[in-house]
Amino acid sequence: MCIRDRFGGIFINAGTGHSIRHNEVYNLQSNGYTSYGLYCNATNTIVEGNKIHNLIPGMFSPTINGILVQGGYVNVINNMIRLGLKEDGTSVESSIIFNGISTAPGSESIVYFNSVYIGGNVTGTSANNSYC
């Protein structure tokens with residue numbers, strides 16, 4: 001799914017009181033610049049019990065985010081995220097940044113009891129930091 005130079009599995013960009021629970025987002029390949037498994041910019045929202053894995057960067061993807069909270073008040077609870085590996089367990093060969101859970105400055109997020117695994121091997125001319 002491509003949305004404004006991005007790709008993602010679940011996209012919530014307005015409203016209040018959303019409940020994003022027990023979804024599995026996997027095997028997406030980016031053609032955009034910012035990539036995510038789940039994007040949220042809403043108030044009083046719960047993101048809970050989701051599985052996000054096998055997100056593959058495209059040629060123009062500098063960053064892949066498992067969960068990207070862009071704003072609002074969001075509870076991110078008990079999600080499982082695996083980045084940097086393909087479905088068969090081999091490395092995603094790229095020198096991009098992997099963020100398990102990323103919250104924008106100013107967002108009022110509570111993030112707890114999540115599991116994030118970032119694996120694989122760095123290739124390319126430069127290495128970038130990755131974050132849980």
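A residue is called buried here when its relative accessible area is under 20%, exposed when it is over 50%, and partly exposed in between (1.4 Å probe, protein chains only). By that criterion, 42% of the 132 residues of the chain count as buried. The structure is a predicted model, in which local features need pLDDT of at least 70 and side-chain atom pairs count only at pLDDT 80 or more, while totals for chains, interfaces and linings use all residues. Residues are numbered from 1 along each chain as its sequence is written, and side-chain values use heavy atoms, with hydrogens and water left out.

**Overall architecture**

The chain contains zero helices and 13 strands; both kinds of element are DSSP runs numbered from the N terminus, with helices (H or I) of at least four residues and strands (E) of at least two. Contact denotes heavy atoms within 4.5 Å. Among contacts between residues at least 6 apart in sequence, 79% join residues at least 24 apart. The chain exposes about 6900 Å², of which carbon and sulfur atoms supply 48%; such areas come from the Shrake-Rupley method with a 1.4 Å probe.

**Strand pairing**

Strands are taken to pair if DSSP finds at least two bridges between them. An open sheet of four strands has the order β4-β7-β10-β13, with parallel pairing. Its edges are β4 and β13 (115-118), each of which has a single partner strand, so one side of each is left without a neighbour in the sheet. Within this sheet, β4 and β7 run parallel and are joined by five bridges; Tyr-26 has His-53 in β7 as its bridge partner.

Asn-54 also lies in β7 and is buried, at 2% relative accessible area. Beyond residues up to four places away in sequence, Asn-54 touches Tyr-26, Asn-27, Leu-28, Arg-82, Leu-85, Lys-86 and Glu-87.

Elsewhere, seven bridges join the parallel strands β5 and β8, and Thr-34 has Thr-63 in β8 as its bridge partner. Six of the eight residues of β5 are buried, leaving that strand mostly covered.

**Nonpolar core**

A nonpolar core is a set of buried Ala, Val, Leu, Ile, Met, Phe, Trp, Tyr and Cys residues joined through side-chain atoms within 4.5 Å. The largest one has 24 residues, among which Leu-38, Ile-52, Leu-55 and Ile-67 touch the most other members. Elements giving two or more residues to this core include β2 (6-12), β5 (34-41), β7 (51-56) and β8 (63-71).

**Aromatic pairs**

Rings of Phe, Tyr and Trp (its six-membered ring) pair if their centres lie within 6.5 Å; planes under 30 degrees apart count as stacked, over 60 as edge-to-face and the rest as tilted.

| Pair | Geometry | Centre to centre | Angle between planes |
|---|---|---|---|
| Phe-11 and Tyr-39 | stacked | 4.8 Å | 15° |
| Tyr-112 and Phe-113 | edge-to-face | 5.3 Å | 85° |

Phe-11 lies in β2 and Tyr-39 in β5, so their pair ties together parts that are 28 residues apart in sequence. Phe-11 is partly exposed at 25% relative accessibility, whereas Tyr-39 is buried at 5%. Phe-11 and Tyr-39 belong to one aromatic cluster with Tyr-36. In the other tabulated pair, Tyr-112 is partly exposed at 34% and Phe-113 is exposed at 65%.
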